[in-house]
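Me: I have a structure to go through with you. Can we start with the pockets and take the rest from there?

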Amino acid sequence: MKEVVIKTEALTKRFGDFVAANAISFEVYKGEIFGFLGANGAGKTTAMRMLCGLSIPTSGKASIAGFDVFRQPELIKKNIGYMSQRFSLYEDLTVGENITFFGGIYGLSDKQLRQKKDDLVTNLGLQNEVNKLVASLPLGWKQKLAFSVAVLHDPKIVFLDEPTGGVDPLTRRQFWDLIYEAAERGVTIFVTTHYMDEAEYCHRISIMVDGKIEALDTPSNLKKIYNTGSMNDVFYQLARKAKRSD
Amino acid sequence: MRIIKFLLQKEFKQIFRNKSILAMVIVMPVVQLLILPLAADYEVKNINLVVVDADHSPYSQRLLSKITASGYFKLTGFEQSFKEAFTFIENDKADLVLEIPAGFERALVREGSQKLHITVNAINGVKANLGGNYLVSIIREFNNDIRIRIMPLGRFNAQPVLETVSANWFNPFLNYRLYMVPGILAILVTMIGGFLTALNIVKEKEVGTIEQINVTPIKKHHFILGKLIPFWILGNVVFSIGLLVSWLIYGIVPLGNIFLLFGFVAIYLLAVLGLGLLVSTFCDTQQQAMFIMFFFMMIFILLGGLFTSVDSMPQWAQVIVGFNPVSYLISVMRMIILKGSEAQNIIRPLCITACFAIVLNSLAVLNYKKTS
């Protein structure tokens with residue numbers, strides 16, 4: 001029996017008349033890489049923000065790492081990592097200072113901090129950049145750093161919102177290596193993306209259209225169901241049905 | 001505590017890397033205290049006076065030389081008729097017109113009385129008002145002079161004249177700098193404290209870093225304290241620099257206990273920073289925060305008792321002033337610096353300021369939402 005770490009039932013978020021996420025229900029298992037796809041404005045970010053405890057759902061149910069999104073958002077936050085669409089480390093702090101700061105507010109001890117910082121820096125090959133301001137790093141490095149900081153406190157689940165937007169293919173590949181490493185350690189990865197090659201890397205993917213989940217399966221099953229050889233085609237067939245645009 | 005340590009570390013590193021904040025903290029108090037007290041002077045000088053002398057007599061000459069000798073007036077015109085003189089007022093070139101009627105001297109000597117006509121250009125209210133008063137008092141003095149001179153002593157017993165002599169306590173020479181410097185310092189501390197805090201948090205919202213904070217299990221009051229403490233320290237630094245400048249440049253040394261002064265400012269800063277924090281929780285962009293802070297600052301400054309005395313404001317305005325933290329700081333600063341007031345004299349403003357601090361900061365913590 002696979003352990004369920006994210007479970008939602010008819011999770012809905014309304015902004016006035018606008019239903020950003022419409023009764024979405026799904027389960028994500030421990031150690032899984034779960035791809036969350038959808039056109040711009042389909043409601044991916046809204047759904048993800050609800051799961052992270054950043055946004056209170058209008059209705060429905062959801063439990064993350066065993067905690068309820070309505071009643072225990074702060075307990076959820078202890079157990080998850082989050083990397084937002086916008087780069088959100090401090091540009092005016094150095095690489096090392098960002099690591100210390102975020103590790104520190106997650107409650108790591110000094111010894112853990114030192115250890116984690118060394119590991120992270122070696123792992124990313126940033127030895128020469130530790131004392132440079134984050135603002136001076138190229139985007140690809142920033143993204144890898146942001147991911148590493150998001151998993152610094154060994155969360156059960158990490159949420160990645162379009163982590164590789166605007167990043168070159170080589171760096172994207174390296175980024176996914178980091179994701180695989182984390183998944184092997186048992187971290188559940190919940191990732192949104194617009195790149196269909198990345199969708200193929202996921203264990204299972206869901207495709208959102210107009211706030212609803214229209215499809216949810218493994219990439220190979222989806223291709224079978226939609227009778228096509230590529231994920232691109234699956235996405236086109238589903239996204240074309242969308243009525244709203246951003 | 002450990003969390004706060006990390007927050008403070010981060011905040012101070014950012015502050016010290018931001019050259020404009022450092023410049024603001026050091027340059028602003030120095031420059032403002034150097035310029036403003038010298039320029040913002042209540043004493044009205046250079047009042048432009050136009051004279052219409054229809055008499056051309058020794059007496060009218062004497063009156064005019066007395067007026068110009070006072071040093072307050074600048075004779076900008078000498079016209080033949082009131083109509084011509086009035087064009088000066090219309091063109092805003094004159095503040096006052098003094099009309100000396102024909103037969104001034106004769107009527108003064110024969111009948112013992114004469115009327116002068118003063119026209120005031122009230123566009124610049126303060127200047128006109130004070131100028132008119134100066135002129136009237138000079139004329140009154142002139143009046144006394146000639147009464148003694150033209151009335152033979154035996155026939156006319158000089159009227160007993162009540163002369164008022166006033167002594168100015170706490171600021172014997174009515175040195176306006178002594179009055180202005182503490183007030184300007186109060187506003188400086190308020191502006192720097194309030195604006196820096198409000199803009200700092202909103203900037204984190206704009207850049208998106210606050211989201212990364214909101215997704216951590218950090219406690220709200222830790223976050224707020226992490227913002228409050230650095231700017232509180234910065235505010236105290238600004239205040240100390242300001243006191244130093246006013247001592248070095250103006251020789252102003254607080255008569256009262258300097259620790260009492262710092263103690264009050266410490267509490268006061270909490271109130272102002274609380275306002276900045278509260279404003280920042282309502283705003284999404286630095287522009288919004290800026291405008292809202294300006295709205296409050298304008299009211300705080302104009303209703304703070306720096307430029308106009310609170311006691312002469314209408315009753316309803318005095319009620320508003322009661323909610324203006326700046327007014328308490330200005331009055332306490334003046335009390336301690338000029339008057340040497342002691343702790344028991346400032347208990348009331350201290351308690352009220354402490355209430356502001358508690359209410360504003362609690363509201364800020366309540367209104368700061370990690371989850372929207």
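Reply: First the term: on a 1 Å grid over the protein atoms alone, a pocket is an open set of points with protein on both sides within 12 Å along at least five of seven lines, while a cavity is a set of points where a 1.4 Å probe fits but cannot get out; lining residues have an atom within 4 Å of a point. Grid points are joined across faces, edges and corners, and a volume is the space filled by probe spheres set on the points. This is a predicted model, where local features need pLDDT of at least 70, side-chain atom pairs count only at pLDDT 80 or more, and totals for chains, interfaces and linings use all residues. Residues are numbered from 1 along each chain as its sequence is written, chains are lettered from A and ligands numbered from 1 in the order in which they are written, and side-chain values use heavy atoms, with hydrogens and water left out.

Me: How much space lies in the second largest pocket?

Reply: About 520 Å³. Its lining has 22 residues, and A:Arg49, B:Lys205, B:Ile210, B:Glu211 and B:Asn214 lie nearest the centre.

Me: Which element gives the most to that lining?

Reply: Helix 8 of chain B, with 3 residues. Helices here are DSSP runs of H or I, at least four residues, and strands are runs of E, at least two, numbered from the N terminus. The elements giving two or more residues are helix 1 (44–51) of chain A and, from chain B, helix 8 (209–214) and helix 10 (258–282).

Me: And how do the residues of the lining divide?

Reply: Into 5 nonpolar, 9 polar and 8 charged. Ala, Val, Leu, Ile, Met, Phe, Trp, Tyr, Cys and Pro count as nonpolar, Asp, Glu, Lys and Arg as charged, and the others, Gly among them, as polar.

Me: How many cavities of 30 Å³ or more does the search find?

Reply: The whole structure has 2. The largest has a volume of about 50 Å³, and A:Leu93, A:Glu97, A:Thr100, A:Phe101, B:Phe6, B:Gln9, B:Lys10 and B:Lys13 line it. Helix 1 of chain B provides the largest share of that lining, 4 residues.

Me: What lines the second largest cavity?

Reply: A:Tyr82, A:Met83, A:Ser84, A:Arg86, A:Phe87, A:Ser88, A:Ala146 and B:Gln212. About 30 Å³ of space lies in that cavity.

Me: Back to helix 1 of chain B. At what angle does its axis cross that of helix 2?

Reply: Roughly 80 degrees, and the axes of helix 1 and helix 2 (residues 19–39) of chain B come within 5 Å. Axes are lines fitted to C-alpha atoms, for helices over the stretch in contact, and angles run from 0 to 180 degrees between N-to-C directions. So helix 1 of chain B is roughly perpendicular to helix 2 of chain B; angles of 65 to 115 degrees count as such, under 35 as roughly parallel, over 145 as roughly antiparallel and the rest as oblique.

Me: Which residues make the contact?

Reply: B:Ile15, B:Phe16 and B:Arg17 of helix 1 of chain B, with B:Lys19, B:Ile21 and B:Leu22 of helix 2 of chain B. Contact means heavy atoms within 4.5 Å.

Me: Different topic. What order does the open sheet in chain B have?

Reply: The order is 2-1-3-4, with 4 strands and mixed pairing. Two strands pair if DSSP finds at least two bridges between them. Strand 2 (73–79) and strand 4 (117–120) of chain B are the edge strands.
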